[in-house]
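Me: I have a model to go through. Let us take it in short questions and answers.

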Amino acid sequence: MTAAPLLEISDLHITFSSRHAEVAAVRGIDLALEPGRTLALVGESGSGKSSTALSVLRLNPEPPATYPHGQVRFEGTDLLSLPAAQLRAVRGRDIAMVFQDPMATLNPLRTVGSQLMEVMRIHRTGDRAERRRRMFEALEQARVPEPSQRADQYPHQLSGGLRQRVMLAMALMSRPRLLIADEPTTALDVTTQAEILDLLRTLQAETGMGVLLITHDLGVVASVADSMAVMHDGVIVEQGSTLDVFERPTDDYTRQLLAATPRLEIGAPA
Amino acid sequence: MSTHETADPVLSLRGIGKTFRRHRTEKRVLSDIDLDVRPGETLALVGESGSGKTTLARIAVGLAEPTEGEVLTAGEDLRTGRRRASAQQARMVQMVFQDPYASMNPRMRIRDVVAEGLLTHRRSELGLDGIRAEVARLLDAVDLDPDLARRFPHECSGGQRQRIAIARALALEPRLLVLDEPTSALDVSVQATILDLLRQLQERTGVAYLFVSHDLAVVSGIADRVAVMADGRIAEIGRCREVLSAPSSEVTRRLLASIAHPDPRRANPALAAGADR
């Protein structure tokens with residue numbers, strides 16, 4: 001594969017400082033993601049994986065976050081040195097994000113449809129009719145059943161799985177080239193998780209977008225990621241193709257993580 | 001294992017039904033549940049969200065009342081002579097919740113969190129010095145540093161807090177612990193140590209577990225038997241190995257098919273095929 005990277009993170013440092021302390025949450029990491037591929041950033045709580053994901057859209061609150069070194073280049077442009085106005089043009093349009101808890105990210109007082117169209121209103125794309133058409137298209141892309149009814153409903157009227165589909169539809173509205181998914185299935189039960197992971201794979205095949213997936217769950221990584229990077233204590237301890245890392249891990253922490261992950265043991269217990 | 005099957009159950013649920021009523025609407029969440037938990041065994045209760053497994057767990061521990069049916073601990077119906085019975089049930093059946101952050105009073109020190117049940121139920125028997133010694137013994141039993149006793153919950157990690165919750169639940173030497181998704185809020189490496197601890201404690205004390213989970217991989221590593229719930233009923237129950245290797249219900253098959261295996265060749269055949277080409 002010789003495609004230019006869609007996203008290239010080099011020597012990224014993220015520090016959170018307060019009056020009393022400075023915490024170097026991310027200490028010099030390098031990552032690259034090509035279009036149409038899924039890169040999983042794996043780690044446990046406190047590893048720095050979410051700060052890294054948020055840094056791509058500069059969503060870590062500043063202060064306390066600072067970026068003392070490094071670059072986050074999206075299609076060649078360093079997002080960390082971009083002026084606020086230009087950054088806003090990228091957010092939600094070229095790069096979209098879905099979060100773990102759809103109930104906390106959806107506005108409970110507005111209908112699904114109006115929230116989907118918001119991103120186009122903000123970026124001033126299309127007229128009203130165009131936005132509505134695109135809204136139904138996105139709901140269909142995310143396999144939301146009965147989109148015309150769902151568009152008029154409120155988030156609390158939907159199941160957890162449907163809410164996550166709505167979040168994905170919202171992310172797809174402006175046809176992003178990069179999707180950042182931060183623990184998109186952690187709040188869901190197993191069967192719904194399987195459906196959402198399946199949908200992620202389908203959407204990627206249909207749209208060719210790159211996906212940066214943040215997760216602590218190696219089962220999720222194995223299901224959807226082409227490549228993976230294992231984070232621990234603010235550094236990447238190992239990265240490579242998903243198959244290589246699972247089958248030939250070279251780092252002790254990666255081995256520990258693989259060993260700790262529960263597997264279906266039909267033979268046990270005795 | 002064979003002893004589980006002959007001894008009297010530590011908990012029997014007989015014909016349990018539950019209907020929630022609100023604003024003149026009714027929602028039936030449990031129907032015709034019969035379930036026995038035997039001494040020293042781990043019975044897993046699995047199902048999708050909304051299947052009724054958490055409501056059933058809450059009924060088992062006395063946090064919710066069934067609309068129909070009986071809850072018998074060691075053969076006694078809890079609904080006769082309610083006050084004495086609920087005190088007795090508290091000593092027989094204890095609970096560990098999913099979220100160790102939400103299940104502790106943030107203004108209590110760890111020693112008081114662990115001692116609370118002892119102060120209520122065994123103060124005259126143990127005396128204050130006895131209770132202090134018991135708290136130290138319990139923290140040691142869950143592999144925690146006794147110095148933690150002086151701290152507050154927010155000063156402890158998620159894994160430490162779940163150990164504290166287990167110590168608190170064991171304080172009254174219950175014969176059954178109801179564990180509601182006890183590891184799903186924890187990091188994987190912490191989850192593995194908590195599951196290990198639960199296995200050790202069961203070996204040492206003979207306590208039985210009713211283990212509520214939606215994660216069949218976790219269940220397969222800890223349960224002797226498994227009951228699969230769907231739509232408020234038990235769809236299937238049996239030895240863990242048998243249910244998971246030869247499921248007889250649609251819901252079990254669906255749960256098994258949904259597992260995200262931590263093995264790319266199994267979870268993502270397309271990727272594996274691409275790599276081999």
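Me: How many helices and strands does chain A have?
Reply: This is a predicted model: local features need pLDDT of at least 70, side-chain atom pairs count only at pLDDT 80 or more, and totals for chains, interfaces and linings use all residues. Residues are numbered from 1 along each chain as its sequence is written, while chains are lettered from A and ligands numbered from 1 in the order in which they are written. Helices (H or I, at least four residues) and strands (E, at least two) are DSSP runs, numbered from the N terminus. For chain A, that gives 11 helices and 11 strands.

Me: In what order do the 6 strands of the open sheet in chain B run?
Reply: Two strands pair if DSSP finds at least two bridges between them. The pairing here is mixed. The order is S6-S7-S8-S3-S9-S10.

Me: Which strands of chain B stand at the edges of this sheet?
Reply: An edge strand here has a single partner strand, so one side is left without a neighbour in the sheet. That holds for S6 (93–96) and S10 (233–239) of chain B.

Me: In what sense do S7 and S8 of chain B pair?
Reply: S7 covers residues 176–180 and S8 covers residues 208–213. B:Val178 has B:Leu210 as its bridge partner in S8(B). Over 5 bridges, the sense is parallel.

Me: Which helix of chain B lies across S6 and S7?
Reply: The helix spans residues 158–170.

How values were computed. Contact = placed C-beta atoms within 7 Å. Axes fitted to C-alpha atoms, helices over the stretch in contact; angles between N-to-C directions.
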